[in-house]
Amino acid sequence: MTCPRCEGSVLDLNDVWFQYGRRKVLEGVSLEVPAGSFAALIGPNGAGKSTVLRLLLGILKPKKGTVSVFGRPPGKHGQPIGYVPQGINLPRGFPLSVEDVVLMGRYGTIGPVRRATRDDRGRVAEALDQVRMAHLSNRRFEDLSGGQQQRVLIARALVSDPCLLILDEPTSGLDPAARARFYGQVCDLQRAQGLTLFCASHDVEDVAQHAQTLILLDHTVRASGPPQDVLKSRAVSEVYQFPPPHVHRGEHASETSHQPEDSPVEGGHP
Amino acid sequence: MMEFVSFGFIQRALLTGFLLGATCAVLGVFVVLKRMAFIGVGISHAALGGVALGLVLGFPPLAAAGVFSVGVAWVIGWITRKGEVSEDTAIGIFFPTAMALGVALISVSQTYRQGLMGYLFGDILSVGPGDLWGLLLLTGFSLGWLALLFKEFLFLGVDEEAAKAAGLPAAFLNYLLLSILAVTIVAAMKLVGIVLVSAFLVIPAATGQALSSSVRGMVVISVVSALLSVGAGLWLSWLWNLPSGASVVLFSAALFFASYLLGTVRSRG
């Protein structure tokens, strides 16, 4: 199923160049992600993965080339995009509740000056329910485990009714079991809602098990296609300087996507 | 107590203190969230340069300090956003420079040194009916913006990238928050003085944080703690003949330590 509001290509980068000062980060990057698919951007540290995400969110502008999201330049108000960061760094003891965090996903829709309505709070409850965190809505965000915090951040992204979820290293700091549960749950949501997923990750093996397309980035796109093909390519060993990981697609996903996750403590670090 | 509140100058001091205390307390939530305590110290010291410029050039010192502090805060914000110098370094360069400018200008004349003491340590008991209107305007500016854009500032403080991705004008909001901080600090100089104003921005909010389990609760407790500090601090200062600014800050700190102990006991229980 594909989101009824989306068709064709959702993300488009065409010959994009970007540099921070004199340091070139992206050199002629072109990529395209069709609606309803799960594409994962992999690559070593400093390859430009986060820069690509920031360009797609409209936080950065390319020095050359074009970036479009839903056929328009990114960063335009009202684009149905949900963003899931690596985490949020609150000062210790700051009393932000899980519900407060998720409600922030509605702020773009609510607009300035106006307050959240009962409908907005209803959407927050629904989104928390989707990620099985409704029972912890009044808990302080900082008291949750790393895996639970990530699920809350997904709920924050979902609450704005997105067609596209952009995830930036969403499982960094999580243990293998929590990572598998995370991707299983994200894929369940993708199938149920027809979302397009675009994820930057270091966890090559994990994303290769779940994504339909892997894009190997090292300042430029070195390889792209189905995970098995990309992982077999010479570019992987050249970029990572080690043999490509062996991936069994599907086995992990079916084992992990429906595990109960209601325990207040799970893998990962808050 | 009745005698204390029967004096006109005490009534003006209480009114001014309550307004400034409430403004500092609400703003303090963002100072704590965005870890802006150092920038608060910096702006308050830079304000001395503005006061000195006003005194020497014949402009109203508070207005001069306001314009000067907002300008310096914007320059710091701009340099930091360019990303070539860290915020700490930029503050460490600009604010002592602005303060040194103030000290150099003040040293030109002995006459100005007397007036300067009031700005350094606060002299809320000397607030006249004319000052009250100016302070009402400044606190109205700050409280008005904070009330209108509270949720946007909160989102920006929690996760700036996600706020940008949601379409919020992050750069505008950051400059606006810096301006509110500068204006509030300049207004609060009259209450607790340049030296102590940054403490008044942090301590009530920290008290609120220690005792509450939600952001709304933190705002309410911060404001109540600031109002209590102003009322009790001024009363103690009148009773024991203490400097008013120091008395307010000391009472505020006592409330924080009590709330911290209470919070610790509660979390163990």
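**View 1. Strands β5 and β6 of chain A run side by side.** In this close-up, β5(A) and strand β6 (residues 164–168) of chain A pair in the parallel sense, with 4 bridges between them. Everything shown here and in the views below comes from a predicted model. One pair to look for is A:Tyr83, whose bridge partner in β6(A) is A:Ile166. Strand β5 of chain A covers residues 81–84, and both of its faces are covered. On one side sit A:Ile81 and A:Tyr83, on the other A:Gly82 and A:Val84, and all of them are buried. As background, side chains in a regular strand alternate between the two faces of the sheet.

**View 2. Six strands of chain A line up in an open sheet.** Zooming out from that pair, you can follow the order β5-β6-β7-β3-β8-β9 in chain A, with mixed pairing. Which strands sit at the edges? They are β5 and β9 (221–225) of chain A, each of which pairs on one side only. Going from one strand to the next, the twist averages 15°.

**View 3. At the β9 end, β8 and β9 of chain A run antiparallel.** Strand β8 (residues 213–217) of chain A is joined to β9(A) by 4 bridges, and the two run antiparallel. Look for A:Leu217 here: its bridge partner in β9(A) is A:Val221. The loop between β8 and β9 of chain A holds A:His219. This residue has a phi near 70°, which is a positive value in a residue other than glycine. Is A:His219 buried or partly exposed? A:His219 has 19 C-beta neighbours inside 10 Å, so it counts as partly exposed.

View 4. Helix α1 (residues 49–57) of chain A lies across β3 (38–42), β5, β6, β7 (196–201) and β8 of chain A. Its run makes about 145° with β6(A). Helix α5 (residues 146–158) of chain A packs on the sheet too, touching β5 and β6 of chain A. The direction of α5 in chain A makes about 165° with that of β5(A).

View 5. The loop in question lies between β6 and α6 (176–193) of chain A. A:Glu169 is partly exposed, with 18 other C-beta atoms within 10 Å.

**View 6. A second open sheet in chain A has 3 strands.** The order here is β2-β1-β4 of chain A, and the pairing is antiparallel. The edges belong to β2 (23–34) and β4 (64–69) of chain A, each pairing on one side only. On average, neighbouring strands of this sheet are turned by 20° against each other, direction ignored. Strand β1 (residues 9–20) of chain A and β2(A) run antiparallel and are joined by 8 bridges.

**View 7. Helices α2 and α7 of chain B pack together.** Over in chain B, the axes of helix α2 (residues 8–33) and helix α7 (residues 129–148) come within 10 Å and cross at roughly 25°. That angle is why α2(B) is described as roughly parallel to α7(B). The crossing of α2(B) past α7(B) is left-handed. Residues making the contact include B:Leu15, B:Leu19 and B:Val26 of α2(B), along with B:Leu132, B:Thr139 and B:Leu146 of α7(B). By class, the residues of this contact divide into 10 nonpolar, 4 polar and 1 charged.

**View 8. Helices α10 and α11 of chain B cross at an angle.** Helix α10 (residues 170–211) of chain B packs against α11(B) at about 130°, and their axes are 7 Å apart. These two helices are therefore oblique to each other. The crossing of α10(B) and α11(B) is right-handed. Among the residues making the contact are B:Pro204, B:Ala205 and B:Leu211 of α10(B), and B:Met218, B:Ile221 and B:Ser229 of α11(B). The contact of α10(B) with α11(B) has 7 nonpolar and 6 polar residues, and no charged ones.

**View 9. Chain B touches chain A.** The contact takes 24 residues from chain B and 21 from chain A. Which elements of chain B give two or more residues to the side that touches chain A? They are α2, α8 (150–158), α9 (160–165) and α11 (215–240) of chain B. By class, that side of chain B has 12 nonpolar, 6 polar and 6 charged residues.

Technical notes
Residues numbered from 1 in each chain as written. Chains lettered and ligands numbered in written order. Predicted model: local features only at pLDDT ≥ 70, side-chain atom pairs only at ≥ 80, totals over all residues. Axes fitted to C-alpha atoms, helices over the stretch in contact; angles between N-to-C directions. Parallel < 35°, antiparallel > 145°, perpendicular 65-115°, else oblique. Left-handed = near helix turned anticlockwise from the far one by under 90°. Contact = placed C-beta atoms within 7 Å. Nonpolar A, V, L, I, M, F, W, Y, C, P; charged D, E, K, R; others polar. Buried ≥ 20, exposed ≤ 12 C-beta atoms within 10 Å, placed from the backbone. Pairing = 2+ DSSP bridges.
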